[in-house]
Amino acid sequence: MLDLGSCDCTASTVAPGSPDMPRLQLPVSAYLIRLVDGAHLLVDTGMHRGHVDDPDLAWRGTVSEGDLRGDMTSADTLTHRLGELGLTPPDVAYVVNTHLHFDHAGDNDLFPHARFLVQRAQVDFARDNPDYPGRFWDLPQLAYELLDGPADIAPGVRVLPTPGHTPGHQSVVVTLPQTGTVILAGDAVHIAQSFERDDWSAHHDPAAARRSAYELRDLADSTGGLLIYGHDRSRPQSLRLAPHASYS
Ligand SMILES: [Zn+2]
């Protein structure tokens, strides 16, 4: 699990009606998976590295300016985090974007040699949509392979459509030899309190978002799996970050 800084945003982004916390610092993460054949698969790419010098890089001049800001140091860049593991971007063979928001696909341009695996419904919705700035991901040098539903990406790595946060959102189910099932929810579930509040109105399709979130929780319950929320490292308490720790 790679620490890629935080998104400084208004609380209504993930927790509607919370005047007690007008701003939130949401941790931004990516996940590096070493496949059985030794190839590396990356889930999400975080915010664009340009946010280190310019927190308003993504949204300046738009209605979201000031609402969504990147809070990153140079240590929080994806290249730095990969470097801590002895890797460079060309070592990444596959990139799965849970979806194409700026905090999940911001550094996609680092991987022109990789195969990108994204749901077709997400690409169709995001293309030319100002909420999904195309300059971060809709680039001619990037090879997108479009998925239509669940797919086995590699041994032990499966993607599941979890629409609602956005059309074509997908989550990633990883089966590890020792840890067992790990479910990377992406923004299907932002934070643990999403379940406690049971308010999904911040999502594109709240009813679908609620369905997807509970499907993931049921899957975690039935497999004894670890469900990792998109922007919450406080729970489960046991989350461990690279390069100091990994899951095997
Ligand atoms: Zn997000």
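**View 1. Leu-41 and the residues around it in the predicted model**. In this predicted model, Leu-41 counts as buried because 22 C-beta neighbours lie inside 10 Å, the cut-off for that class being 20 or more. Leu-41 has its place in strand E3, which spans residues 40–43. When its neighbours within four places in sequence are left aside, Leu-41 is in contact with Ile-33 and Leu-35, with Ala-93, Tyr-94 and Val-96, and with Ile-153, Ala-154 and Val-157. Val-28 stands 13 residues from Leu-41 along the chain, and the C-alpha atoms of these two residues are separated by 18 Å.

**View 2. The open sheet of five strands, E8 to E12**. The strands of this open sheet follow the order E8-E9-E10-E11-E12, and their pairing is mixed. Strand E8 (151–154) and strand E12 (226–228) form the edges, each of them pairing on one side only. From one strand to the next, the twist averages 25°.

**View 3. The pairing of strand E11 with strand E12**. Strand E11, made up of residues 180–184, runs parallel to E12 and is joined to E12 by three bridges. Within this pair of strands, Ile-183 is found opposite Leu-227 of E12. Strand E12 is also one of the two edge strands of the sheet, with pairing on one side only.

**View 4. Helix H4 across strands E10, E11 and E12**.

Definitions and conventions: Residues are numbered from 1 along each chain as its sequence is written. This is a predicted model: local features need pLDDT of at least 70, side-chain atom pairs count only at pLDDT 80 or more; totals for chains, interfaces and linings use all residues. Two strands pair if DSSP finds at least two bridges between them. Helices (H or I, at least four residues) and strands (E, at least two) are DSSP runs, numbered from the N terminus. Axes are lines fitted to C-alpha atoms, for helices over the stretch in contact, and angles run from 0 to 180 degrees between N-to-C directions. Two residues are in contact if their C-beta atoms, placed from the backbone, lie within 7 Å. A residue is buried if 20 or more other C-beta atoms lie within 10 Å of its own, exposed if 12 or fewer, and partly exposed in between; C-beta atoms are placed from the backbone.
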